[in-house]
Amino acid sequence: MQSQKTEARKSEWEARLADIKYTLHLLRKNKLVLAGSILSLFFIILGFLAPILVDPKLAYPEGYPGDMYPFKRKYMWNANHPIQWGSGVSLYAGPEFFILGTDGWGRDLFKMIILAIPVDLYNAAIITIGAALFGTFLGAIAGYSGGIIDEALLRITDIFFAFPGLLLALVFAAMFGRTIETLRLAIMLVWWPPYVRLMRGQVLSEKEKPYVEALKALGAGPFRILFRHILPNSIYPILVQATMDFGGVILTFSALMFLGFSPSPALPELGNLAADGYGHIFDAPWVLIFPGLTMLLISLSFNLIGDGLRDVLDPRLRR
Amino acid sequence: MKLYEYVIRRLILLVFVLLSVSVIVFYFARGFPTGIAPWAPYIHPKMTAEQIEEVKRAHGFDKPLVEQYFYWLRDVLHGDWGLTGAWAQGRPANEVFFNHFGYTVELAVAGTILTIIIGIPLGIISAVKNNKLPDHISRIIALAGYSTPAYWFGFILQLIFFYYFYLWGLPYLPSSGASDLGTATITRIPIIDGLITGNFAYVWDEFRHLILPSFSLAFISLGFLARIVRASMLEVLRQDYITMARSKGLKERVVIYRHALKNALIPAVTLTGIFFAYLLGGAMITEYVFSWPGVGQQALRAVMQGDSNFILLYTLVFAIIIVLANLIVDVLYAFLDPRIKY
Amino acid sequence: MNKKAPNKPILEVENLKVNFHTYRGEVKALNGVDFKLYRREVLALVGESGCGKSVTALSITGLLPENAYIVDGKILLKGENLLEKSKEEMRKIRVSEIAIVFQDPMTFLNPVLTIKTQLEEVFMLQEDMLKEAAAIKKSKGSLQFMDLIKSKEKNKKQGEDVAVSKISKKELKEIAEELCTDILRLVKLPDPERILKQYPFELSGGMRQRVMIAMALARRPSIFIADEITTALDVTIQAQILHLLKELKEKIDTSVIMITHDLSVAAEIADRIAVMYGGNVVEIAPTVDLFKKPLHPYTQMLLKAIPDITNPRERLESIPGTVPEMINPPPGCRFHPRCKHAMPICTKERPKIKVVEKNHEVACFLF
């Protein structure tokens with residue numbers, strides 16, 4: 001009896017493995033996904049290495065938080081830099097070379113961007129995972145229970161769908177203070193509804209399958225059925241959705257920072273850095289351009305993967 | 001279930017959603033006084049302390065939160081949305097809202113039109129030339145579109161088309177505001193006002209101001225539309241009836257436009273409808289970047305100021321728009337696809 | 001129905017080999033298909049699922065999917081090799097020479113277009129035919145689709161050009177509409193005006209199939225391919241459709257390839273039957289001859305597997321083994337793993353089809 005169970009488990013894993021191998025094969029053929037994966041890997045590695053490459057203390061200039069403008073090199077661009085921005089730009093002729101100029105605190109923008117990458121990646125990851133977990137959990141319960149609980153959860157989800165997402169996050173953040181945790185929670189609040197619908201749909205269709213009835217007959221309790229059996233079978237679309245959401249979440253996060261919700265103005269974060277350049281777009285455009293460009297590339301790389309993944313996993317498009 | 005039964009059911013649901021949304025937002029907005037106090041717009045510096053207290057009592061600001069809600073509800077049902085604005089500059093919230101709504105509508109319409117014009121062909125090309133060069137190019141454009149931070153793209157457009165064009169002596173586009181020639185007064189939708197009064201200089205000026213912000217909006221959303229169209233087309237092109245159409249000897253062009261497109265566009269239409277509704281809420285960031293005097297800009301101000309009245313009004317109007325849009329789109333679906341019957 | 005006269009064949013398929021690229025490997029779907037189709041005959045292409053019947057049909061009409069490619073062979077339509085033609089040329093051929101009707105009318109009709117749209121476009125593609133029709137209407141006063149059939153035959157015999165006059169787009173459309181109504185009557189659909197306004201899902205399976213047949217007939221094709229058209233229908237409707245086809249066969253000068261896996265359907269309607277197995281044609285013979293004296297082992301076993309109503313006690317014999325897997329098919333003759341008479345040469349070489357008796361061809365090393 002025991003060996004039968006392990007036999008069954010083994011073939012179950014074999015089938016999954018073959019499926020995954022096929023998926024990877026299709027992914028490898030898709031050049032855009034490949035490009036996206038390489039790019040995102042690059043950023044992730046950069047994110048991990050950032051504290052080593054750049055001293056984090058550089059983000060907080062001497063004298064801060066009291067004196068915010070100690071340096072005489074704010075919004076400066078090297079005079080001997082290969083790229084020039086035309087007139088109206090303050091030029092710096094000193095000893096240091098700033099690859100991407102300096103920001104409003106006189107910090108090296110390039111170094112700040114590098115420090116900002118892990119901040120954005122990490123927060124976006126937490127938010128995405130949090131929203132996915134929460135939404136999936138609710139969706140699983142809604143789908144499996146049916147009846148009143150299902151209706152109630154659906155209505156609640158509907159309400160959240162009717163909210164203007166950004167506004168809700170803003171109101172939430174405005175009310176509860178400008179900490180990173182609040183911001184994370186605020187965005188999670190806005191992003192969880194799609195997962196409820198997704199998971200619920202999956203659970204509903206899995207519920208009807210014969211293996212669930214068999215499990216019930218064997219006496220398995222609802223939680224066991226739900227989490228040990230239904231969940232692994234439904235995980236694919238959730239993963240795809242999460243990967244695709246990641247690009248959007250990171251944009252939302254930095255957008256909120258841009259609008260002024262960062263815990264401290266000097267925090268190295270791409271939206272925050274860009275906000276610094278808001279008042280100076282004509283005389284120091286790099287402060288806005290380069291952090292935004294980095295944000296675009298990061299979001300693009302994850303969206304490429306998510307896009308390719310969706311293509312590949314679409315059952316109707318698989319050969 | 002017949003069609004009108006379905007619609008009525010959805011409308012009842014709408015009321016329920018509105019009430020729930022209002023409760024939640026009310027709790028958030030009034031329950032945590034930050035920024036200015038909710039009664040600030042109602043008073044002016046010359047009032048004495050007792051007068052201030054009276055104002056507070058009249059609107060129930062001194063009562064517990066739950067009671068405040070019912071005061072607010074009572075006021076709303078009488079059409080009074082309260083005053084909004086900074087200290088002592090309170091103006092009726094709905095007046096402020098509708099002054100700015102026209103601009104948002106303009107931007108929403110322009111943005112949607114641009115999105116459709118560019119997005120749909122992009123999606124079709126992608127599907128028809130699947131996995132060949134045009135597909136890859138249009139996919140990169142589409143993805144770049146929705147990976148772009150809204151706050152960044154708007155500024156880049158301004159930088160290039162306003163600042164650098166000016167420096168290089170090229171005709172440049174205005175970077176902010178909706179018009180240099182004053183505000184619209186009749187329908188409050190500038191272009192329409194201009195057309196009605198025959199003031200074509202005004203219309204043209206408005207149009208020039210509209211170009212950059214609507215393109216900024218469209219660039220970000222056309223990617224999404226193109227993806228949906230592409231996926232939909234790909235699925236349709238695999239269908240048997242497409243093989244059938246080809247077997248009749250129809251030209252490939254006819255096969256795509258007469259047979260495939262109608263089927264493929266149905267999900268795209270629904271998406272566009274929802275998207276338009278969303279834009280009607282005012283794309284906050286775009287309005288902020290371009291100083292566009294729309295409803296989104298006002299909402300942002302309201303949040304920063306802790307102005308609960310306006311936030312409530314804005315949120316509820318937005319909820320109505322979204323739910324109605326969903327409803328309209330669902331009904332539209334029934335008309336487009338002859339197989340669906342209610 | 002003249003099968004005795006030695007006609008020149010209207011269609012010749014020679015050594016057709018077609019492969020498909022798939023993730024799991026190359027599917028060698030057609031392994032050298034040979035057969036001829038003569039004028040005014042009904043040739044049935046019979047075989048199990050997966051033996052390559054539909055692939056053959058798609059190859060003839062030029063509708064193979066993207067991952068298919070022609071390895072070798074020729075398809076000669078009136079002497080011209082279709083495989084060498086450009087896409088545009090093939091498209092024109094599909095307009096007026098080759099028509100195909102598919103199996104499942106539900107999925108093969110566009111759900112969001114009316115029957116009228118889908119039928120009319122077939123007519124609108126053939127401007128010359130419409131002009132012919134206008135001329136007929138002018139001279140005769142009324143218009144029926146059968147008139148067009150007759151006029152095509154007349155033109156073929158006399159080799160004349162029909163008088164082509166200038167006709168407006170609007171008139172063409174009107175003529176097309178009339179023809180739509182009339183052709184639906186031809187396929188025995190009641191109340192054609194109403195049907196034209198309907199959508200495919202509003203019709204029954206049998207009605208949809210008739211519409212598809214009408215769409216094929218509308219082209220006055222030289223070759224009419226019916227790909228399993230009765231398979232999706234229940235038996236009574238099946239009988240009706242076959243009956244319709246037989247009637248039409250009488251009236252219309254066209255050659256029919258009837259693809260089916262059901263021998264009884266073939267027996268009902270075909271003049272000759274070609275039996276396919278594993279991507280090859282293994283036997284071709286006139287219907288009666290095939291049933292009386294099947295020569296190929298596969299055909300013999302097929303016939304034994306059909307229950308005989310006159311002999312209820314007979315034991316049904318099934319064919320041992322399974323259909324060959326097409327990515328790594330058996331070498332030599334693809335039937336040899338299941339064949340009682342297999343010889344060593346069968347595992348090495350593929351038998352070519354050759355005439356063994358009058359009009360009776362077999363591909364087997366036994367002969």
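Chain B holds 13 helices and two strands. Helices (H or I, at least four residues) and strands (E, at least two) are DSSP runs, numbered from the N terminus. This is a predicted model: local features need pLDDT of at least 70, side-chain atom pairs count only at pLDDT 80 or more, and totals for chains, interfaces and linings use all residues. Residues are numbered from 1 along each chain as its sequence is written, while chains are lettered from A and ligands numbered from 1 in the order in which they are written.

Of the 342 residues in chain B, 44% are buried (20 or more other C-beta atoms within 10 Å of the residue's own, with C-beta atoms placed from the backbone). Two residues are in contact if their C-beta atoms, placed from the backbone, lie within 7 Å. Among chain B contacts between residues at least 6 apart in sequence, 71% join residues at least 24 apart.

Next, the interface. Here 20 residues of chain C are in contact with 17 residues of chain B. On the chain C side, these elements give two or more residues each:

| Element of chain C | Residues |
|---|---|
| Helix 2 | 87-96 |
| Helix 3 | 105-108 |
| Helix 4 | 115-124 |

Helix 2 of chain C gives the most, with four residues.

Now chain A. Helix 3 of chain A covers residues 109-145, 37 residues in total. At 1.5 Å a residue (times one less than the number of residues), helix 3 should span 54 Å, and its end C-alpha atoms are 53 Å apart, which agrees. Gly146(A) follows helix 3 of chain A, and its phi is positive, near 70 degrees.

Conventions. A residue is buried if 20 or more other C-beta atoms lie within 10 Å of its own, exposed if 12 or fewer, and partly exposed in between; C-beta atoms are placed from the backbone.
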